[in-house]
Amino acid sequence: MSTRIAFLKGHGTENDFVIVPDPENVIELPPAAVAALCDRRAGIGGDGLLHVVRSAAHPEARHLAAEAEWFMDYRNGDGSVAEMCGNGVRVFARYLQRAGHTGEGDLSVATRGGVKTVHLDKDGGITVGMGRARLPEGDVTVAVGDRSWPARNVNMGNPHAVAFVDDLGDAGALLEAPPVSPAAAYPDGVNVEFVVDRGPRHVAMRVHERGSGETRSCGTGACAVAVATARRDGADPAVTGAPETYTVDVPGGTLVITERPDGEIEMTGPAVIVAEGELDAEWLESFGR
């Protein structure tokens with residue numbers, strides 16, 4: 001390994017990421033190293049880490065190499081592995097564009113949640129095909145302190161519990177993961193969204209992301225919120241044959257979510273690369289010892 005390792009920093013609606021380009025998958029990133037990189041005081045700082053690897057070079061993505069050249073090996077801020085990150089996919093695509101690996105137009109990105117189709121617009125916006133939502137049966141409840149709310153179980157390749165509240169302050173400080181019951185509904189943990197109405201087809205949310213705490217934005221969470229809100233409003237594109245579009249305000253900006261009659265969900269929002277530099281390899285390696 002070289003003594004220095006390239007990294008970049010980027011964000012999508014202020015959901016921020018450390019980006020580590022590693023096309024041939026030669027950089028070791030154990031959980032402790034990822035957590036150190038994402039530490040906002042002792043590391044670079046980020047809600048998560050985007051490990052940029054060619055699909056053919058990663059054992060979890062080789063079977064997808066014919067569909068997507070690049071694999072988003074996504075890690076949460078605590079170093080744990082995650083299936084998908086919607087804002088992360090947009091930032092991942094923006095990095096590939098910056099590095100000259102892709103241009104405007106369509107791009108396929110492999111993730112643990114499947115292959116995602118990305119469109120880089122001329123105006124700078126990025127639209128991601130997020131796949132279909134699954135709505136598992138069963139009642140779910142989210143609690144904060146001595147208060148609780150019914151929630152909608154939505155799976156976007158990763159699990160979400162969506163609760164509608166009167167005020168976003170009802171979510172509390174979100175320093176700890178809000179208790180969700182029954183625990184059996186989410187054996188691997190869950191992302192929890194608190195949602196309020198802002199207007200027709202317009203909502204705002206706060207989120208506690210599994211493994212990261214409260215973040216400024218969550219792309220899969222915004223998709224889950226849009227689907228849950230549409231069903232609450234009695235709208236199902238599969239039934240009506242018409243797409244449903246919701247504007248979802250997050251603390252870090254705004255995302256636009258469209259659910260099509262075939263069930264496919266598209267998310268449109270910004271993605272920005274803000275810095276690049278070099279990591280000290282010896283420092284990074286110390287977390288794997």
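Which residue forms a salt bridge with arginine 201? The partner is glutamate 244, with the closest N and O atoms 3.0 Å apart; a salt bridge here is a side-chain nitrogen of Lys or Arg within 4 Å of a carboxyl oxygen of Asp or Glu. This pair ties together distant parts of the chain, since arginine 201 sits in the loop between E12 and strand E13 (202-209) and glutamate 244 in strand E15 (residues 244-250), 43 residues apart. Helices (H or I, at least four residues) and strands (E, at least two) are DSSP runs, numbered from the N terminus. Arginine 201 is partly exposed at 45% relative accessibility, whereas glutamate 244, at 8%, counts as buried. For these labels, buried means under 20% relative accessible area, exposed over 50%, and partly exposed in between (1.4 Å probe, protein chains only).

The model is predicted, so local features need pLDDT of at least 70 and side-chain atom pairs count only at pLDDT 80 or more, while totals for chains, interfaces and linings use all residues. Residues are numbered from 1 along each chain as its sequence is written, and side-chain values use heavy atoms, with hydrogens and water left out.

Back to the charges: the count of salt bridges comes to 21. In one of them, arginine 232 meets aspartate 197 at 2.8 Å, N to O. Here too distant parts of the chain are linked, with arginine 232 in helix H3 and aspartate 197 in strand E12 (residues 191-199), 35 residues apart. Arginine 232 is partly exposed at 38%, and aspartate 197 is partly exposed at 44%. Helix H3 (residues 219-232) also holds alanine 230, which is buried with a relative accessible area of 1%. Arginine 260 and aspartate 262 form another salt bridge, their closest N and O atoms 3.0 Å apart. Lys9, Asp16, Arg40 and Asp47, for their part, are linked in a network of salt bridges.

Turning to the strands, E1 (residues 4-12) pairs with E18 (residues 272-280) in the antiparallel sense over eight bridges; pairing requires at least two DSSP bridges between two strands. Histidine 11 has valine 272 in E18 as its bridge partner. E1 also runs antiparallel to E2, joined by five bridges, and glycine 10 is partnered there by phenylalanine 17. The hairpin of E1 and E2 has two residues between the strands, and threonine 13 takes a positive phi near 45° in it.

Glutamate 28 is exposed, at 63% relative accessible area.
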